[in-house]
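Thanks for coming. I will go through one model, starting at the surface and ending at a helix.

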Amino acid sequence: MSDDDHEDEPEGVLLKGEDNAAQRIKAEREQRGWSTTTLSDRLNEAGYEMNPSAVWRIENGKRRINLDEAIGFAEVFGVSLSNLVGPPALAAAGRAMELIDTVVAASAAAQRAQHAHRRANAELIAYLDEHPDIREEANAMVSNAIAESTMKINQEEFGAPPQP
């Protein structure tokens, strides 16, 4: 896990959580001016057993970090676990990690909503195929309801449209 081991890799590889955590732990500790003993003491006070040697070994890639320990470090530093294991260049800018988490969550929610929309639309189409006599009225109702909903959402997001 030394710098030489990762010379050819781009900075901020997302799937290197353990390496990222080790770098981040050291950076957070140094930023606070804490020794490995001070960090160990704080971890122990928070209920996470850790000696100074283990802190040093984790920071220097000589020892793996387990999930409970990662949670302890995150708690002691006051950062989220995803922030702790994120790419060090981004994680140092904690707000960037928060915003990235928000964008990823919003994207997942949008994808789930798109899938739900496709399923509901497919069910409606199948139903209307069986009941063609109400297709025109149902399609008009769906179009009007979607337009009304879109206008409401846009108004909530952007405010009322200007009046002529």
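Leu81 counts as partly exposed because its relative accessibility is 30%, where buried means under 20% relative accessible area, exposed over 50%, and partly exposed in between, with a 1.4 Å probe and protein chains only. Leu81 sits in helix α5, residues 81-85; helices here are DSSP runs of H or I with at least four residues, numbered from the N terminus.

This is a predicted model, with local features needing pLDDT of at least 70, side-chain atom pairs counting only at pLDDT 80 or more, and totals for chains, interfaces and linings using all residues. Residues are numbered from 1 along each chain as its sequence is written, and side-chain values use heavy atoms, leaving out hydrogens and water.

Val85 is also found in helix α5. Its relative accessible area is 28%, so Val85 is partly exposed. Leaving aside residues up to four places away in sequence, Val85 touches Gly17, Asn20 and Ala21, contact meaning heavy atoms within 4.5 Å.

Last, helix α8, residues 135-158. Its 24 residues reach 34 Å from first C-alpha to last, close to the 34 Å expected at 1.5 Å a residue; the expected span is 1.5 Å times one less than the number of residues. Just after α8, Gly159 takes a positive phi of about 90°.

Definitions and conventions:
Helices (H or I, at least four residues) and strands (E, at least two) are DSSP runs, numbered from the N terminus.
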